[in-house]
Structure formats: structure tokens, C-alpha cells
Amino acid sequence: MISEISRILAAFRPCFTREAAFKWFAVVVFGFIVRIDNCGVSSFVRWLSMKPSLYTALLSFFRASSWHLQDILQRWWQIVLDRCPLPTLDGRLLLAGDGIKISKEAEKMPAVKKLHQESDNSGKAPYVYGHHWGVIGIMAGWVKKNLLYPPLCRTA
């Protein structure tokens with residue numbers, strides 16, 4: 001499995017203008033794979049047993065100008081299309097979508113919006129303030145095992 005992950009990661013190398021940024025990208029991907037808690041970059045440092053002094057260097061990766069998120073997303077989409085069989089329904093690719101609304105106490109936070117709350121419970125307010133995350137994924141895989149690859153994830 002590690003060799004397959006390494007091959008997939010190597011396909012992202014053209015997205016980075018600097019070798020160091022690509023190596024930090026690999027660290028971040030493995031950090032997402034092995035961490036159990038959701039404490040941000042400090043989770044990566046903790047679960048990968050990195051030196052605490054590398055925390056700021058890892059943070060700098062996310063602000064680096066040597067890569068662009070759009071290039072990485074485009075490359076991920078291409079990797080999924082190239083490496084995985086894509087089931088079709090009436091000649092069309094099978095997509096799936098889902099979303100989640102996460103309520104926030106404050107109204108004046110970045111990306112916090114007034115969201116309509118669908119509920120049959122009359123005790124709940126019809127609107128909440130919060131973040132709305134949406135994901136569109138493409139079904140890919142083999143007959144016995146299909147996976148949903150999320151090439152697109154945005155906040156609304």
C-alpha cells in the first residue's frame with residue numbers, strides 16, 4: 001500500500017516548483033493518513049513524531065507560493081480518471097454529493113452565513129449561522145468495491 005501511495009504522490013511532483021514544497025506536501029498527506037485527532041498541523045507533528053521545532057516550517061508550507069491548490073486539485077482529478085475504472089449509468093459518470101451545516105455561535109466570523117435549517121422539529125429555529133460544506137465525488141473502483149473520490153470540496 002505504501003508503494004501505491006508513493007506512486008500516486010510522485011504524480012503530483014509537476015504541481016510544485018520547488019522540491020522542498022513537494023516533500024512537505026508528502027508529509028502533509030501522510031499526516032492526514034495517520035492522525036486520529038483533528039487538531040490541525042499540530043496533529044501531523046504529533047502523529048508523525050516530528051521535532052516540535054518543525055511546526056513553523058510545516059505551517060509555512062501552506063502559505064508557500066511554490067504551489068497552487070487549483071493545480072493539485074486538477075492533478076488529483078486526472079489521477080482518479082487515469083487509474084480507476086469509472087462506472088457509468090446510461091453512459092454518464094456516476095457522481096454523488098453531500099453537504100453538512102456546522103452551526104457557529106458568532107455571526108461575524110469569516111465564511112459564516114445565515115443558513116436555512118431543514119428540520120421537522122418545530123422547536124428548532126428555521127435559520128442558524130454557520131458554515132456549509134459541500135462535497136461532490138465521483139464513484140470509481142471495481143465491481144465488488146466502489147469508492148467515492150472527492151475531487152471537489154467547497155464551503156458555501
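**Getting to know a predicted protein chain**

His 131 is found in strand E5, residues 127–142. This is a predicted model in which local features need pLDDT of at least 70 and side-chain atom pairs count only at pLDDT 80 or more, while totals for chains, interfaces and linings use all residues. Residues are numbered from 1 along each chain as its sequence is written, and side-chain values use heavy atoms, with hydrogens and water left out.

Reader: Is His 131 buried or exposed?

Author: Buried means under 20% relative accessible area, exposed over 50%, and partly exposed in between, with a 1.4 Å probe and protein chains only. His 131 has a relative accessible area of 14%, so this residue is buried.

Reader: Which residues does His 131 touch, not counting residues up to four places away in sequence?

Author: Contact here means heavy atoms within 4.5 Å. By that rule, His 131 touches Ile 100, Lys 101, Ile 102, Lys 104, Pro 110, Ala 111, Val 112 and Leu 115.

Reader: In what order do the elements of the protein chain run?

Author: Helices (H or I, at least four residues) and strands (E, at least two) are DSSP runs, numbered from the N terminus. The chain has five helices and six strands. From the N terminus on, they run α-α-α-α-α-β-β-β-β-β-β.

Reader: What is Phe 25 in contact with, leaving aside its neighbours within four places in sequence?

Author: Phe 25 is one of the core residues that touch the most other members. Its contacts beyond those neighbours are Leu 9, Phe 12, Phe 16, Phe 61 and Ile 72.

Reader: What radius of gyration does the protein chain have?

Author: This radius is taken over C-alpha atoms, and the globule rule is 2.2 Å times the number of residues to the power 0.38. Along its principal axes, the C-alpha trace spans about 55 × 50 × 30 Å. A compact globule of 156 residues would have a radius near 15 Å, but the protein chain has 19 Å.

How values were computed:
A nonpolar core is a set of buried Ala, Val, Leu, Ile, Met, Phe, Trp, Tyr and Cys residues joined through side-chain atoms within 4.5 Å.
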